[in-house]
Amino acid sequence: MRASGRFTEEAMTEAMRQLAAQLAVPTGDARLLQLTNNAVFALPEAQLVIRIARTHRLHDRVAKVIDLARWFASIDAPTIRLAPAAPEPMVVGDLLASVWTYVPPACPAPTVDDLGQVLREFHSLPTPPIALPEWDPIGDARRRLADAEGLAQDEHDFLSEWCDRLEPQLTTLKHRIPPLLIHGDAHVGNLLREPSGRVVMCDFDATCLGPWQVDLAAVAVDETRFDGSGHHARLAAAYGFDVTTDPCWPLLREARELKMIAAAAPLLASSAAVTTEFRHRLRSVRTNAQAMRWTPFAALSSSSQKVPDLR
């Protein structure tokens with residue numbers, strides 16, 4: 001998503017202030033936590049987090065996550081809670097927002113071991129009585145390509161052909177594995193530790209129905225492409241399953257890598273650093289250099305606020 005003047009940090013800050021005024025809460029200590037697909041602001045004094053969708057294409061997600069949040073609360077799922085003062089989507093201008101209960105930073109910070117335990121509990125939840133989308137990494141990648149600027153024709157062709165090749169294989173996989181509720185963006189950054197000590201998940205934009213192994217693949221791919229930190233082994237031990245031993249692992253890895261590359265396609269015209277990293281990643285796939293390491297987009301000095309929710 002390209003940030004036009006209507007979706008800049010300044011515009012989002014003003015929208016946050018208007019929402020806070022509707023709630024009659026102070027904003028003197030407000031701070032921006034995230035500026036990607038959503039602008040996320042913490043208001044510690046008011047004990048609130050305001051999450052504003054920065055693109056109209058995410059309006060349906062706002063309704064979805066609020067419906068999910070209500071259901072999560074009804075079954076005491078390991079998830080954050082909506083703020084009681086705002087149980088419905090809030091509107092400011094043509095923007096939609098959700099409002100959550102603020103969870104202050106706590107020690108110890110959540111770890112990948114916590115992620116494994118929370119995911120095991122999350123995957124044991126029943127299917128919610130809510131209309132949820134199916135896991136669709138190919139559809140997501142194609143939408144990114146449709147928004148791309150600055151993408152060379154051969155790059156577009158390669159990514160399109162990659163989508164065409166993977167799509168029937170992933171369709172077969174989805175038919176073979178009964179769909180469960182999956183978080184869709186399972187990493188330690190989406191965990192919070194409540195004052196009680198309980199670790200809970202947040203950010204349900206990508207939550208959907210699909211193969212449960214998807215939620216374990218992200219850490220495994222990060223380890224092979226980024227830091228080699230040993231986090232995958234700890235996740236596998238905490239969850240009780242090593243996704244890299246699953247027959248579907250090669251497909252899950254490809255789907256994740258495709259998403260991590262295609263996510264940058266709409267940003268190539270506005271960030272030289274993202275373009276360089278995008279082409280490095282693409283080259284590693286085109287040459288089958290699976291040991292080639294990538295640089296997280298968030299580590300690129302000018303891109304951490306522009307890349308949509310992916311490393």
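The crossing of helices α8 and α9 is left-handed, meaning that the near helix is turned anticlockwise from the far one by less than a right angle; clockwise would be right-handed. Helices here are DSSP runs of H or I with at least four residues, strands are runs of E with at least two, and both are numbered from the N terminus. The contact, meaning heavy atoms within 4.5 Å, is made by Glu-257, Met-260 and Ile-261 of α8 with Phe-278, Arg-281, Leu-282 and Val-285 of α9. Those residues divide into five nonpolar, no polar and two charged. Nonpolar covers Ala, Val, Leu, Ile, Met, Phe, Trp, Tyr, Cys and Pro; charged covers Asp, Glu, Lys and Arg; the others, Gly among them, are polar.

Before going on, the sources: this is a predicted model, where local features need pLDDT of at least 70 and side-chain atom pairs count only at pLDDT 80 or more, while totals for chains, interfaces and linings use all residues. Residues are numbered from 1 along each chain as its sequence is written, and side-chain values use heavy atoms, with hydrogens and water left out.

Next, helix α2. It has 16 residues and reaches 24 Å from its first C-alpha to its last, close to the 22 Å expected at 1.5 Å a residue; the expected span is 1.5 Å times one less than the number of residues. Which residues of α2 are buried? They are Val-62, Lys-64, Val-65, Ile-66, Leu-68, Ala-69, Trp-71 and Phe-72. Buried means under 20% relative accessible area, exposed over 50%, and partly exposed in between, with a 1.4 Å probe and protein chains only. The buried residues of α2 pack against β3, β5, α3 and β6. Just after α2, Asp-76 takes a positive phi of about 55°.

Helix α3 runs over residues 112–123 and reaches 16 Å, close to the 16 Å expected. Its buried residues include Val-112, Asp-114, Leu-115 and His-123. Among the elements that cover the buried residues of α3 are α2, β6, α6 and α7.

Last, a strand residue. Val-99 is in strand β5. Is Val-99 buried or exposed? Val-99 counts as buried because its relative accessibility is 1%. Leaving out residues up to four places away in sequence, Val-99 touches Leu-23, Leu-48, Val-49, Ile-50, Leu-82, Ala-83, Ala-86 and Met-90.
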